[in-house]
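Keep the 3D view open while you read.

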Amino acid sequence: MNKLLWGLLALFCATGCSNQANKHNNTYYFDGKITRPVLEKYLNRSVTMSEFLTVDPFCIDGTYPCKDEDIRFIKNTGAKFIGRSIYRWGSEKVLNNPEFWKNAKDIIEKVHENDPDVIFQAAAFEAVFKGVNTIKIPEWTFLALGLPVEDRNFSYSGMLDRQGKYINQWGEGGSVPDITQVETQIWFLYLIGSYINIGIEAVHLGQVSLIGMNDPYLEIWSSFMKKVRTYANIKARRHFVLFDAHTPGGGMVKDSLSLLDFNSFPLRIKELPEKPMECKLEKGHLDSMYGRSKGCKTPSGWSCESLPYLVEFDNFGISDHPGIANINNHFVWGFDEISWFYMQNKEYKVKWLRYAYNWLKENDNNAFLEMPVARVVTRGNGEPVISCRAISPSSECPYGMDIEQTIKDIWANK
């Protein structure tokens, strides 16, 4: 063997060994499956950044200013899991526009230039609207589900419960899709597969109990998730996609196997009626998840007594009693969780974030706080719905909460 060939072989071996060493030295490395320590590292650096990957004019509320500031935020704080970064709640017809997908892919790649380990999460919610009738079903969607290829668009009516359950749940022409309908499975595979194709590595499945209204024993969900994971094993960036959902029952577990990689749920913040606008966390408050995440064997093969889970500042609107405490409902002083948090002064926001992070560590070490970085806020009194942000307020982004340094400090001192 000549010297040149020996040199090339040595270089190949050195590079291969170096790459393997880098993989094992990288505490965020995974491929094909994920270990519990790596998963928990991601959950411990998770943020909600609703529609971060969506740009004008495709944003649900029509605007998402200062995106470069949020890219800087990710780099500065070391955020690793970017929750709800892209989704549709209505207006599905924009999915026909190639620019919608290209813009999102470009932002993913821009962030990955700074940190290739960052995971972006999409969402496939418990809502479908008549706009799906405008979307042609791609051939690969049928093939991934093992179905005959058809030349047609999606059928909104084909996704609905045949007995009328949850039809128009979200207003006229907006309903909960039924997972037992094949059309719903095609729709979800299309959504999830399309997200995977642009570099998404996590998908939130919303209120799976609503979507599974006719699947109490998870038979259909189990079959569907196997097909989706097969697609992810082939197409995903690291041959694996993390799935989670809101699981009020403590998980999606069938025959001791979790269909999800981790659970998620709202914080379920409890008001302190004697202290106006102040709140705390408490085990057993309403349907809170604390201490209730089920044990299982995970899709990655490891077993646990309690599946790790995220808790988030949920958004669901405003009540008919804003500013008034009622510990028997899900509102917080009459507002949803993120709206209540946004309305507090900076000092209390900082204090409460630190409190919540530490409370979880002390009361359920399976729980991880998803930091509020961008989310829809409803303030009432005729004020417009806005998207609050963790970055500092500015003329371009007046709804900044200025909690970036707090988030960074909490993570640094964990």
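With 0% relative accessibility, W340 counts as buried. F341 has a relative accessible area of 0% and is buried too.

A quick note on what you're looking at. This is a predicted model, where local features need pLDDT of at least 70, side-chain atom pairs count only at pLDDT 80 or more, and totals for chains, interfaces and linings use all residues. Residues are numbered from 1 along each chain as its sequence is written, and side-chain values use heavy atoms, leaving out hydrogens and water.

**Rings**

A pair of aromatic rings is described by the distance of the centres and the angle of the planes. Rings of Phe, Tyr and Trp (its six-membered ring) pair if their centres lie within 6.5 Å; planes under 30 degrees apart count as stacked, over 60 as edge-to-face and the rest as tilted. Searching the whole structure turns up 24 aromatic pairs. In one of them, the ring centres of W221 and F224 are 6.2 Å apart and the planes are at 70 degrees, so this pair is edge-to-face. Another pair, W340 and F341, is tilted, at 6.4 Å centre to centre and 55 degrees between the planes.

Where do W221 and F224 lie? Both are in helix α8 (residues 219–235), three residues apart, which is about one turn of the helix. Helices here are DSSP runs (H or I, at least four residues), as are strands (E, at least two), numbered from the N terminus. W221 and F224 are both buried.

W340 and F341 also belong to one aromatic cluster, together with F313, Y348, W352 and Y355.

A charge sits over a ring if NZ of Lys or CZ of Arg is within 6 Å of the ring centre and within 35 degrees of the ring normal. The charged end of K80 is over the ring of Y28, 4.4 Å from its centre, and K349 lies over the face of Y342, at 5.7 Å from the ring centre.

**Spaces**

On a 1 Å grid over the protein atoms alone, a cavity is a set of points where a 1.4 Å probe fits but cannot get out, while a pocket is an open set with protein on both sides within 12 Å along at least five of seven lines; lining residues have an atom within 4 Å of a point. Grid points are joined across faces, edges and corners, and a volume is the space filled by probe spheres set on the points.

The whole structure has three cavities of 30 Å³ or more. Among the residues lining the largest cavity are R88, E92, W187 and Y195, and helix α6 (residues 182–197) gives the largest share, three residues.

Here are the volumes:

| Space | Volume |
|---|---|
| Largest cavity | about 60 Å³ |
| Largest pocket | about 830 Å³ |
| Second largest pocket | about 230 Å³ |

Which residues lie nearest the centre of the largest pocket? They are W89, E126, D314, N315 and F316, out of 32 lining residues. The second largest pocket is lined by 14 residues, with K226, R229, L257, S258 and P299 nearest its centre. Helix α8 supplies the largest share of that lining, six residues.

Definitions and conventions. Buried means under 20% relative accessible area, exposed over 50%, partly exposed in between (1.4 Å probe, protein chains only).
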